[in-house]
Amino acid sequence: MKSLIVTIVACLLTLNVGFSSSAKILVIISVPSYSHQIAYQSIWKTLSLLGHHVTLVTTDPLPEKNLTNLRQIDLSYNYKHIRSINFLALKGKYSWQNIMKMYFCEISSILAESIFNHPDFKKIYTPDSGEKFDLIITEAIITPAIYAFAHRFQAPLIGTYSLGFLQMSHFAFGNPLLPSHPSTWDIGVTDQNIAFWTRVQNYVLTWWHIHVDCHNIFYKPQQEIAEKYLDNIPSIIELQKNMSIILVNQQEEISYTRPNVPNIIHFGGLHIRNNLKPLPKVIFCTLQEFVDNASNGFIYVSLGTNVHPDMFPENLKNIFFNTLSNLPVKVVWKFTEDFRKIPDNIYIAKWFPQQEILAHPNLKLFIYQGGLQSTEEAVYSGVPLVGIPVLADQDMQVNKMVSLGVCKKVDILEITREVLNEAILEVLNNKSYKENMMNLKKFIEDKPLSNLKKVIWWIEYVIRHKGAPHLRSSIVDEPWYQRYDTDVIAFLSVVLFVIALLSLYVVYKILLVIIKYYITLVTDKKMKKN
């Protein structure tokens, strides 16, 4: 039944999106994070069902076996490189830019090497492979070496982004840099009213990161990797500048809006399913029975896939356990069962079908880490939030939801039992959070066409026209100082400074003349009196 529904959707997309002849598409999604991967999976599935031949290089292969136009290369072993990072321990100590320098520059090289070295993929890109592609789609976050495949196959390049842009990406694609805008999550901007000296610091950190850190410890090693495996590779920075479009998983309603160039295409919520499954069974009782019998409702607690229970210090575990066990509602908690005794009001497991949980009518509140996909699911189901951000763009996402009146934020570094309990009860008892969330749901659903149709249309648009250079902003070719008229501002500042100095000098000379004249006048008067 499910495959029939997907097929029907694909047929409707063919009729409504616009027909493109069958194309060969190479897709490389390198970040080993489930939330990154699921943001795109329906795109690859739909392209395959529409008749396009898709070669997908991914850490999370699609489970469907009926997709005859889909060839997959499994990189799931790369998860070990991300799981070794304790994001909770890094929280508050370093900005995300510093975390990238400390960890992800090295990891990005490992991930890129694993793609080039994969024996099945080597057979595809070797010079004598005979393989041809009409389009290359790559993740545009931490492995720019893979942009080289657009040059190898002489095909247009589309970039994908599953979260808010890093500052280096804004610069690369021609967007204005806004170092103190609340969308700037990678240096920890958390407010819209920032003190002057903080803005000065943000400005310096941003430009230093882009022009020193990124070039020396990010792009340079990635360029060397590309040249190691492929011949005559141009600058990967130039390949990045010439992307036809960039598909960004950001919806304006739940993100901080900012100016963007025309070839940045926003989408979101493509992972949300309509065909929900029954809740799973366990030995003693079913989860379905537990939540169905929640007369006062229940709350759902999950801090995502990148924050593991072994990252929690003992005192933090106790804060959560003691708070949740004393609530007047039931709790479904995604965690490991390492407590001696689980109270009757708590149901703990290592994994839950999140979308099914969020859709349950008895759910009153979702306590989460601020992940984008979880945010979209909560809005889709109309569930208010308590946000406890840990890594990457989660602070920005929670701050935005707080500003919309649908979320209460708790700082995990300053969390206490009293603070957590107060935040939970505030959202449970204040109806405005639910009402605001239902209004937000209406906004996000009121669109001229579905996000999936929009994305497929743009992908096929690039295929039909063999690229989209007319959408590319010419600002990407301008030096940094010219983009923002920094040289003009510096020149005018120097001119004004010189004029000010000359003016002061003239005033000084005039004052000297006046003083001398006054002294002479006084002296003459005294002499006349004598």
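Begin the tour by selecting Tyr508, which is located in helix α21 (residues 486–529); helices here are DSSP runs of H or I with at least four residues, strands are runs of E with at least two, and both are numbered from the N terminus. The model is predicted, so local features need pLDDT of at least 70 and side-chain atom pairs count only at pLDDT 80 or more, whereas totals for chains, interfaces and linings use all residues. Residues are numbered from 1 along each chain as its sequence is written, and side-chain values use heavy atoms, with hydrogens and water left out.

Next, select Tyr505, Val506, Val507, Tyr508, Ile510, Leu511, Ile514, Ile515, Tyr518 and Ile519, which make a nonpolar surface patch of about 1,000 Å². Such a patch joins nonpolar side chains (Val, Leu, Ile, Met, Phe, Trp, Tyr) within 5 Å, or like charges within 9 Å, from residues with over 30% relative accessible area and no salt bridge. Areas are computed by the Shrake-Rupley method with a 1.4 Å probe, and for residues only the protein chains shown count as cover.

Now widen the selection to residues 488–519, which an unreviewed UniProt entry annotates as "transmembrane region". UniProt positions follow the numbering used here, feature names are shortened, and annotations may be inferred rather than shown by experiment. This span is 100% helix and 0% strand, and its end C-alpha atoms lie 46 Å apart.

**The whole protein**

Zoom out to see 21 helices and 13 strands. The C-alpha atoms fill a box of roughly 120 × 65 × 40 Å along the principal axes. Of the 530 residues, 52% count as buried. The protein exposes about 25,600 Å², of which carbon and sulfur atoms supply 58%.

Select Val54 in strand β2 (residues 53–58). With 1% relative accessibility, Val54 counts as buried. Leaving aside residues up to four places away in sequence, Val54 touches Ile25, Val27, Trp44, Leu47, Ser48, Asn69, Leu70 and Arg71; contact means heavy atoms within 4.5 Å. A distance drawn from the C-alpha atom of Val54 to that of Thr520, 466 residues apart along the chain, comes to 95 Å.

Then show helix α3 (residues 41–49): eight of its nine residues are buried, so α3 is largely enclosed by the rest of the structure. The buried residues in α3 are Gln41, Ser42, Ile43, Trp44, Lys45, Thr46, Leu47 and Ser48. Just after α3, Gly51 takes a positive phi of about 105°.

Around Phe149, display Leu26, Ile28, Ile115, Phe116, Phe121, Tyr125, Ile136 and Leu230, which Phe149 touches when residues up to four places away in sequence are not counted.

**Salt bridges**

The whole structure has ten salt bridges, each a side-chain nitrogen of Lys or Arg within 4 Å of a carboxyl oxygen of Asp or Glu. Select Lys228 and Glu113, whose closest N and O atoms are 3.4 Å apart in a salt bridge. Because Lys228 lies in helix α10 (residues 196–229) and Glu113 in helix α6, the pair ties together parts that are 115 residues apart in sequence. Lys228 itself counts as exposed, at 55% relative accessibility.

Move to Lys409 and Asp395, which meet in a salt bridge of 3.1 Å, N to O. Lys409 is in strand β13 (residues 407–409) and Asp395 in helix α16 (residues 394–403). Finally, select Lys24, Arg71 and Glu131, which are linked in a network of salt bridges.

**A last stop in a loop**

Leu391 lies in the loop between β12 (385–387) and α16. Is Leu391 buried or exposed? Its relative accessible area is 9%, so Leu391 is buried. Its contacts, not counting residues up to four places away in sequence, are Phe87, Trp96, Asn306 and Val307.

Terms used:
Buried means under 20% relative accessible area, exposed over 50%, partly exposed in between (1.4 Å probe, protein chains only).
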